[in-house]
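Thanks for passing this one along. Here are my notes, in the order I'd go through them with the model open.

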Amino acid sequence: MSDCLLPTMCTITGRKQDTADVFTLSIDPPDGEFPFEPGQFNMLYIPGVGESAISISGRPAEANKLVHTIRAVGDVTRLLGIRETRERIGVRGPFGTGWPISQAAGKNVVIVAGGIGLAPLRPVIYAIADRRDDYGDVSLLYGARTPADVLYREELLEWKRAGVLDLAVTVDAARSDWSGDVGVVTNLVGRIHSDPAATVAMLCGPEIMMRSTARALLDIGVEEANIAVSMERNMKCATAFCGHCQLGPYFVCKDGPVFFYPDVAPYWQQREF
Amino acid sequence: MKQFLDLLAEHSFFRDLPREDLEFIATCGRNVAFKAGTPIAREGDPADAFYVIRKGRAAIEMYAPGRGSLRVQTVGEGDILGWSWLIPPHRWVFDVRALQDVRAIAMDGRCLRDKCDANHEVGFQLMRRFAQILTRRLEATRIQLLDLYSDKVV
């Protein structure tokens with residue numbers, strides 16, 4: 001795409017309902033290929049309605065398929081949710097910074113996701129799975145609202161079976177037939193037995209969850225500079241022009257969404273940022 | 001006893017407790033095991049112990065007529081289960097059930113209360129440790145109550 005402000009209309013090639021309010025769209029990418037870094041996002045556009053910033057959740061090695069997992073919460077995302085295959089939507093991107101996957105090579109990796117926050121982290125798991133020997137222990141700590149809200153259930157179990165990662169899933173509420181954990185995802189941090197000084201952590205979810213998890217990781221000895229978080233703000237232009245997503249000196253759309261803890265932690269304490 | 005003392009000393013809850021204090025309270029402890037599915041505690045029963053979980057996972061639940069057992073939280077390896085032994089009227093407030101085979105150290109509550117009365121320094125150390133657990137659980141429960149993954153604005 002030559003003009004980053006101009007959407008390219010692309011065809012939806014697949015649609016999967018993941019949970020009651022989350023669905024995954026596969027899209028024919030602009031120009032047939034769409035290389036991206038795990039953690040980056042696109043602006044998805046419905047003509048006459050508007051755009052929404054959505055993280056890319058597909059496999060980085062499959063550049064011929066663009067995949068987005070989306071939660072239907074606003075006008076654009078609700079309409080995206082009722083789009084069928086062969087319909088067309090606008091795409092701008094990819095935008096933003098990626099997860100520190102190369103920095104994590106040779107180290108242990110702790111991935112902590114809350115809710116739909118697993119979607120921007122799935123490309124990280126794909127990338128690690130493709131080069132599993134390059135990493136030490138890999139753990140995924142995942143928190144969801146209820147068992148019915150757990151995303152990518154089959155894939156998670158397959159990754160666990162294949163030894164790609166250690167998996168711990170917790171939910172906020174469950175009936176007694178749920179065999180997993182109940183409680184906040186922060187409770188799972190105590191299950192990490194890898195050397196914290198040689199661990200890179202990647203966090204994505206509601207900001208309160210990330211703050212709490214980051215504190216727990218620091219408590220067990222993970223270094224500040226090795227904690228990456230994906231920030232969510234009101235992204236509009238995605239090119240650091242409009243200022244809607246400003247966070248202190250940063251534009252989340254361009255300088256983020258992936259930041260390191262020392263860069264954003266001071267602004268977590270600032271009200272109205 | 002030495003092996004049992006080492007088990008206690010290795011646990012983060014007792015870490016940094018002076019050896020003589022550990023020996024003082026170790027006589028209140030014993031190894032216990034619960035098969036998956038069996039109850040560990042029942043709401044309203046006397047809370048005569050707390051558990052240092054060594055293996056397995058247990059669910060803290062509350063029964064509601066017509067809704068069955070509602071799961072509040074799960075605890076697992078390395079966690080401490082139960083503080084009702086410390087606070088009058090010393091009765092369990094929730095049901096606890098083993099989700100997997102659980103191996104734990106049960107610390108006798110009455111024995112510990114007597115020891116704490118006899119040695120206030122040990123009592124203070126235990127109280128301080130339980131205060132940290134209570135604080136962490138309260139913080140986690142408050143975050144859980146926020147229902148962060150809901151699409152509703154709290």
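1. A word on the ground rules. This is a predicted model, where local features need pLDDT of at least 70, side-chain atom pairs count only at pLDDT 80 or more, and totals for chains, interfaces and linings use all residues. Residues are numbered from 1 along each chain as its sequence is written, while chains are lettered from A and ligands numbered from 1 in the order in which they are written.

2. Chain A splits into domain 1 (8-95) and domain 2 (104-217); such bounds come from an automatic or database domain assignment. Their C-alpha centres are 24 Å apart. Domain 1 of chain A puts 15 residues into the contact and domain 2 of chain A puts in twelve, where contact means C-beta atoms, placed from the backbone, within 7 Å.

3. Now the largest nonpolar core, which has 119 residues. A core here is a set of buried Ala, Val, Leu, Ile, Met, Phe, Trp, Tyr and Cys residues joined through C-beta atoms within 7 Å. Buried means 20 or more other C-beta atoms within 10 Å of a residue's own, exposed means 12 or fewer, and partly exposed is in between, with C-beta atoms placed from the backbone. Among the residues with the most contacts inside the core are Val229(A) and Ala58(B). Both domain 1 (8-95) and domain 2 (104-217) of chain A contribute residues, so the core lies between them.

4. On to helix α4 (residues 120-145) of chain B. Helices (H or I, at least four residues) and strands (E, at least two) are DSSP runs, numbered from the N terminus. With 26 residues, α4(B) reaches 36 Å from first C-alpha to last, close to the 38 Å expected at 1.5 Å a residue; that span is 1.5 Å times one less than the number of residues. Its buried residues are Val122(B), Leu126(B), Ile143(B) and Gln144(B). Just past the helix, Asp147(B) has a positive phi of about 55°.

5. What is the strand order in the open sheet of chain B? Four strands run β1-β8-β3-β6, with antiparallel pairing; two strands pair if DSSP finds at least two bridges between them. β1 (29-34) and β6 (80-81) of chain B are at the edges with a single partner each, so one side of each has no neighbour in the sheet. β3 (residues 49-55) of chain B pairs with β8(B) over six bridges.

6. Last, Asp101(B) sits in the loop between β7 (95-98) and β8 (102-108) of chain B. Asp101(B) is partly exposed, with 14 other C-beta atoms within 10 Å.

Note on methods
Contact = placed C-beta atoms within 7 Å.
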